[in-house]
Amino acid sequence: MTSDQILMATETAHPTLRAAVSGLPSYVPGRRSAGADIAALASNESHYEPLPAAAAAVAEAAGRMNRYPDMAAVELRERIAGHLAVTAAEIAVGPGSVGVLQQIITGLCDAGDEVIFAWRSFEAYPILVELAGARPVRVPLDDAEGHDLDAMAAAVTERTKAILLCTPNNPTGVPISHDRIDAFLRSVRSDILVVIDEAYVEYAEAGSGPDSLALYREYPNVCILRTFSKAYGLAGLRVGYAVAAPDIAEGLRRTAIPFAVTALAQKAAVASLDAAGEMQARVAVVQKERSRLAARLAAQGWTLQPSQGNFLWIRTDDDLTARLVAAFDQADILVRAYQGDGIRITVADPASNDRVFHVMEAVLAAHAA
């Protein structure tokens with residue numbers, strides 16, 4: 001090439017993203033609210049203000065925000081370990097459970113490896129898998145909106161590195177029973193990491209889902225994933241954690257972005273564990289409201305599966321989804337629509353839940369007319 005041709009090629013070339021990144025679907029967060037009259041029921045956030053102890057811990061720690069946080073999160077890991085009766089060596093933390101999940105997939109998967117999960121489930125699953133260069137394997141939900149574990153076991157190949165079990169499932173709210181997961185674990189290879197994603201476990205009724213810690217103690221390839229974002233009300237601070245075999249947990253800590261869990265988040269999480277009783281009292285109110293709203297909607301004629309999260313799931317077609325979203329928008333209520341699948345509605349305070357009921361009642365009447 002001549003010098004002019006080299007110069008021309010240099011001038012027209014530009015950086016390009018990896019194909020895996022360019023083809024990623026965008027994560028669609030719940031819409032944000034702006035105004036006191038808007039009911040923000042799209043993101044499964046706690047409608048309560050932060051626990052007083054957590055807010056006080058953040059205020060006290062704010063005076064030292066010029067310093068880096070403890071990268072090893074020693075105090076937080078030790079407190080979580082004590083809370084769960086495991087060791088700190090079995091705990092890895094990250095910026096929300098989704099951050100820890102990215103550490104898991106990054107640590108496990110090479111290009112072309114496979115990660116199996118139910119679909120529809122948490123929307124970040126395929127994004128994180130594809131970002132790692134691995135292949136997402138979506139297994140359709142069963143007729144009861146839950147995990148089809150037989151089909152998931154049949155989807156395992158020699159390239160399978162991880163299986164993600166979301167219980168209660170987001171967005172459907174359906175849990176996976178202990179016995180079903182136990183049988184599933186007996187059927188899959190022990191070199192596959194089975195991640196039990198329990199972001200909403202605090203909202204589940206006792207016995208509805210698995211005893212994940214018992215499964216973890218029996219099966220070394222089990223990893224438990226939890227978060228402080230939901231029931232503990234720390235969604236804005238981003239702190240989650242995994243419980244895994246010490247060698248796996250150490251690998252997750254190595255793949256973490258340095259200092260990703262801020263000092264404020266660590267202090268708030270520790271304080272939240274100390275206020276677990278207050279958190280559980282709030283959860284009990286949400287559970288009561290969940291049952292009340294679900295019963296009223298079922299009486300209207302809506303078909304719902306029993307939810308164990310802080311949300312309800314309504315299976316709808318595209319036309320009904322559009323009608324519902326338009327009606328909720330007009331009523332200043334934000335909900336989460338999944339085009340082609342349905343609507344997810346966060347359970348909040350009684351007044352907000354009553355507003356949901358009246359909108360659903362009006363839409364059903366109009367739809368039947």
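1. In this predicted model, helix α5 (residues 96-108) packs with helix α6 (residues 124-131) at an angle of about 35°, and their axes are 9 Å apart. The crossing of α5 and α6 is right-handed. On the α5 side, the residues in contact are Val-98, Leu-101, Gln-102 and Ile-105; they meet Ala-124, Tyr-125, Leu-128, Val-129 and Leu-131 in α6.

2. Turning to charged pairs, the whole structure holds 22 salt bridges. Side chains of opposite charge can pair when their charged atoms come close. Three of these bridges are described in the points below.

3. Glu-218 and Arg-186 join through their side chains in a salt bridge, with an N to O distance of 3.3 Å. This pair links distant parts of the chain, since Glu-218 lies in helix α9 (residues 212-218) and Arg-186 in helix α8 (residues 178-187), 32 residues apart. Glu-218 is partly exposed, at a relative accessible area of 44%. Arg-186 has 56% relative accessibility and therefore counts as exposed, because the cut-off for exposed is over 50%.

4. A second salt bridge brings together the side chains of Arg-292 and Asp-354, at 3.0 Å from N to O. Here too distant parts of the chain are linked: Arg-292 belongs to helix α12 (residues 276-300) and Asp-354 to helix α14 (residues 350-368), 62 residues apart. Arg-292 is partly exposed, with a relative accessible area of 28%. Asp-354 also counts as partly exposed, at 26% relative accessibility.

5. Arg-315 and Asp-341 form a salt bridge in which the closest N and O atoms are 2.9 Å apart. The two residues are 26 residues apart and link distant parts of the chain: Arg-315 is in strand β9 (residues 311-315), while Asp-341 is in the loop between β11 (336-338) and β12 (342-346). Arg-315 is partly exposed, with a relative accessible area of 39%. Asp-341 has a relative accessible area of 17% and so is buried, because buried means under 20%.

6. On the surface, Tyr-68, Met-71 and Phe-259 form a nonpolar patch, and their accessible area together is about 370 Å². Phe-259 is placed in the loop between α10 (246-255) and α11 (263-274). With a relative accessible area of 35%, Phe-259 is partly exposed.

Methods
Residues numbered from 1 in each chain as written. Predicted model: local features only at pLDDT ≥ 70, side-chain atom pairs only at ≥ 80, totals over all residues. Heavy atoms only, no water. Patch = residues over 30% accessible without salt bridge, like charges linked within 9 Å, V, L, I, M, F, W, Y side chains within 5 Å. Areas by Shrake-Rupley, 256 points an atom, 1.4 Å probe, with all protein chains shown as cover. Salt bridge = Lys/Arg side-chain N within 4 Å of Asp/Glu carboxyl O. Helix = DSSP H or I, 4+ residues; strand = E, 2+ residues; numbered from the N terminus. Buried < 20%, exposed > 50% of the residue type's maximum accessible area, 1.4 Å probe, protein only. Axes fitted to C-alpha atoms, helices over the stretch in contact; angles between N-to-C directions. Left-handed = near helix turned anticlockwise from the far one by under 90°. Contact = heavy atoms within 4.5 Å.
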